[in-house]
Every structure is written in C-alpha cells, then in structure tokens.
Amino acid sequence: MPLYRAIGLMSGTSMDGVDVALIETDGDASVSFGPTGFYAYTDADRALLRNALAEAATMDDRDARPGVLAFAERMVTDRHAEAVETFLRDNAIDAASVNIVGFHGQTVLHRPKQKLTIQIGDGQALADRLGIDVAYDFRAADIAAGGEGAPIVPVFHRALVTAGGMKGEVALLNIGGVANVTYVADGEHPIACDTGPGNALIDDLMLQRTGAPIDRHGHMAARGRVNEAALLRMLAHPFFDQPPPKSLDRNAFALEPIVKLSTEDAAATLTAFTAASVLRLFPHLPNQPQLLIVCGGGARNPILVRELVMRLPCKVTTADAVGWSADSMEAQGFGYLAARVLEGLPITFPTTTGVPQALRGGRLARVGGR
C-alpha cells in the first residue's frame, strides 16, 4: 500500500483547542510521526461551544444547525483551518506535500441508542480553504449501522502496540472530556469502550466554582480529600455494569453528588471518580491488563495519574514514557484513520463499537468538490 502524508486534527470534549499532528502511514502497520502542535480556543470560542452543546441537547436531526450551532460550526471550521495554516507555516511544510487531512470536528451530541451523533465542522469548506482533501464525519456510518460510534481510534492504538513490539495484554487509556480504553492482546481483535467521565466533570466544576477552565496539574484536587460516600453514589450509575462496547455523551454524568462539598474536596472526588471508573471496566475484559498507558489531557494531571496508580492492579505509565505523544495521540489517530478512508479500509469493528461487522466510515471532501 502507498504511504500517505496525513495531518490529523482533534478537538475533544474538553473543548480546550485544536491538536494538529503530521504522520506518514499506509493506514495499516506502517506509522511514523512528524511534528505536532496545539492551538487553544479563546474564552469566547469555548463559551460559544458550551452554548452549542446546550442547543444540541434537544436535537434529533444530525444535519440541522439551529440557533448558535451554525455560528459554532463556522467557528470550529475557521479555527481548524487557522491551526493547519499556522502549523504548516511554523514547520515549513508545503501543503501540496500533504495527501489528506483527518478532521474530527467538535462533538456536540452523542446518543448512540437513538442512532444520533453530531460533530460540527464543515469538511468541504476546510478542504477548499486549505487546498487539501479532507476526510471527516468518521462516526456516522457506524452509528447508522447500530454501533456505538465510539471510541473511534482503537485500530490506531492496535497499530501503535504492534509497532512498539509490546507483548501481553496492554490497555491504552485516553482521558479527554470522556475517558476511553482500548485493550490489545496478542493475536486478538482490540476491545474498546468509554469507561466513564474523563476531565469533563472536573472542568465543569472548575468553571462553575472558580471561572478557570480546568484543574491545571490537579492543584485543586491535591488540596482536597475524596468523599467516599459521593464516590460510591456516582459509581452506582448503571453504565458501569454494562459490558463493552459502550459509549457516553459528555453530559451523561452530573455534578449533583458533590454540590455540597468544598471545591477542593469536590475536585478530589471527581478525580478519583475518573480513576475508579476505569477499574470498573476490568471485570468486563477477557484478562486483566498487564500494562495501562495513559494519554490525552488527563496524562498531564499528576493527581489523576496518582489515583490510577493507587486504584488499578496493573502497571500504569504515560504515553510519553513509552515514546508516544500523550497530547497528540488522538490527532495522530485521525490522520491514520484518514489514510484508511483513502484506502477503503474499515475503521470500526464489532469489538470496538459493537457494529455488526468491520465497517468503513468517513466522508471525503475533495478540493473544489471534485
């Protein structure tokens, strides 16, 4: 298969900004990494996205763009275009040398049981502005076929584990707004699912109580104590008893159990909740992972990583520690998926999303609509 030069883009449920990553891949076993970058949303951008989330909560038509959603979609498309243009300029990369851009867009609603997932972002407008073909709308085909539509990058995680020569049972834990795991065992199809909340509840707490968008480096949680009663209440959610594959909307959990706690104790309890949620998945796996590798924004929170080390009965490390990029892995994954779209290869599987059979996905926006 040919090697593609692909740029992957990711704006996750944490809504902090746009990750950009260049990779070269055949969409299969060959993956090599180029430069990466991050381009933050402004406070106004994040406020618009929060309004878009609220607007999307009552939607049942994934193509509709009522109210602020139309403005939010234009903003998301513009910010991704600006991010790629800056990334190309800063790294002296000729746009003509890039074969494809993988554009996830911004998830504003994910309800697979209703066969509904909405990612805003105009793939055709992005292709025309950049002069590079764009693969986008990666989740829709899976949802339409009865899958969960998430997690979407386990096939990339499998490629990383294989390329790294890792043996035994390895789990990759991606902690964005929602957390998800890919379980990879020798000779087996990957198993994947959302595990529960990632950073979303902590971010929401911080915004409500302090006006800050995140608990940077876990400083607030470090000053608090875990309220075990509130933690047990949150862990009683029926989601945790379901076997994989399964997925969540960003707003599937609420802050109600910790409203009476101090900000410090609430942050500590929510941080513990994210870690304890991962442990609740382990009985549903074929075997206990021997190694868990943490990536995503949560890998930058030492208190969250400490909670994982304390609560999980396996070795825990970070993507950076094994030579990968904790920050850019999802963006790299969408570059990889974009190459698979070009090759007509499946991107979701029965063991990762519950789709009935291995399924191709994504749409291609050719420059000029050709």
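Guide: Begin with how helix packing is expressed. An axis is a line fitted to the C-alpha atoms of a helix over the stretch in contact, and the angle between N-to-C directions runs from 0 to 180 degrees. Keep in mind that this is a predicted model.

Visitor: Which values describe two packed helices?

Guide: Two packed helices are described by the angle between their axes and the distance between the axes. Here the axes of α6 and α9 come within 9 Å and cross at roughly 170 degrees. Angles over 145 degrees count as roughly antiparallel, and α6 and α9 are therefore roughly antiparallel to each other.

Visitor: Which residues make the contact between α6 and α9?

Guide: From α6 come L201, I202, L205, R209 and T210, and from α9 come T263, A266, A267, L270, T271, F273 and T274. By type, the residues of this contact divide into 7 nonpolar, 4 polar and 1 charged.

Visitor: What does the protein chain contain in the way of helices and strands?

Guide: The protein chain has 12 helices and 13 strands. Its radius of gyration is 19 Å, close to the 21 Å that the globule rule gives for 370 residues, so the chain is as compact as a globular protein of that length. Along the principal axes, the C-alpha atoms fill a box of roughly 60 × 50 × 40 Å.

Visitor: How much of the protein chain is buried?

Guide: A residue is called buried when its relative accessible area is under 20%. Buried residues make up 57% of the 370 residues. The accessible surface of the chain comes to about 14400 Å², and carbon and sulfur atoms account for 51% of that surface. As for contacts with a separation of 6 or more, 70% are between residues 24 or more positions apart.

Visitor: Now single residues. Is A52 buried or exposed?

Guide: A52, in helix α1, counts as buried because its relative accessibility is 0%. Not counting residues up to four places away in sequence, A52 touches V68, L69, A72 and V108. Between A52 and A72 there are 6.5 Å from C-alpha to C-alpha, although the two are 20 residues apart in sequence.

Visitor: What does R46 contact?

Guide: R46 is also found in helix α1, which spans residues 43-56. Leaving aside neighbours within four places in sequence, R46 is in contact with M15, D16, Y41 and P213. R46 counts as buried because its relative accessibility is 17%, and the cut-off is 20%.

Visitor: Next, the backbone. Where are the cis peptide bonds joining A150 to P151 and P244 to P245?

Guide: Omega is the angle to read. For the cis bond joining A150 and P151, omega is about -10 degrees, and P151 is found in the loop between α4 (140-144) and α5 (154-163). For the cis bond joining P244 and P245, omega is about 0 degrees. P245 is found in the loop between α8 (228-235) and α9 (263-281).

Visitor: And phi: what are the values for D137 and H217?

Guide: Each is positive in a residue that is not glycine: phi of D137 is near 55 degrees, and phi of H217 is about 60 degrees. D137 lies in the loop between β7 (134-136) and α4, whereas H217 lies in the loop between α6 (200-210) and α7 (219-222). D137 counts as buried because its relative accessibility is 10%. H217 counts as partly exposed, at 42% relative accessibility.

Technical notes:
Residues are numbered from 1 along each chain as its sequence is written. This is a predicted model: local features need pLDDT of at least 70, side-chain atom pairs count only at pLDDT 80 or more; totals for chains, interfaces and linings use all residues. Side-chain values use heavy atoms; hydrogens and water are left out. Helices (H or I, at least four residues) and strands (E, at least two) are DSSP runs, numbered from the N terminus. Buried means under 20% relative accessible area, exposed over 50%, partly exposed in between (1.4 Å probe, protein chains only). Contact means heavy atoms within 4.5 Å. Angles under 35 degrees count as roughly parallel, over 145 as roughly antiparallel, 65 to 115 as roughly perpendicular and the rest as oblique. Ala, Val, Leu, Ile, Met, Phe, Trp, Tyr, Cys and Pro count as nonpolar, Asp, Glu, Lys and Arg as charged, and the others, Gly among them, as polar. The radius of gyration is taken over C-alpha atoms; the globule rule is 2.2 Å times the number of residues to the power 0.38. Accessible areas come from the Shrake-Rupley method with a 1.4 Å probe; for residues, only the protein chains shown count as cover.
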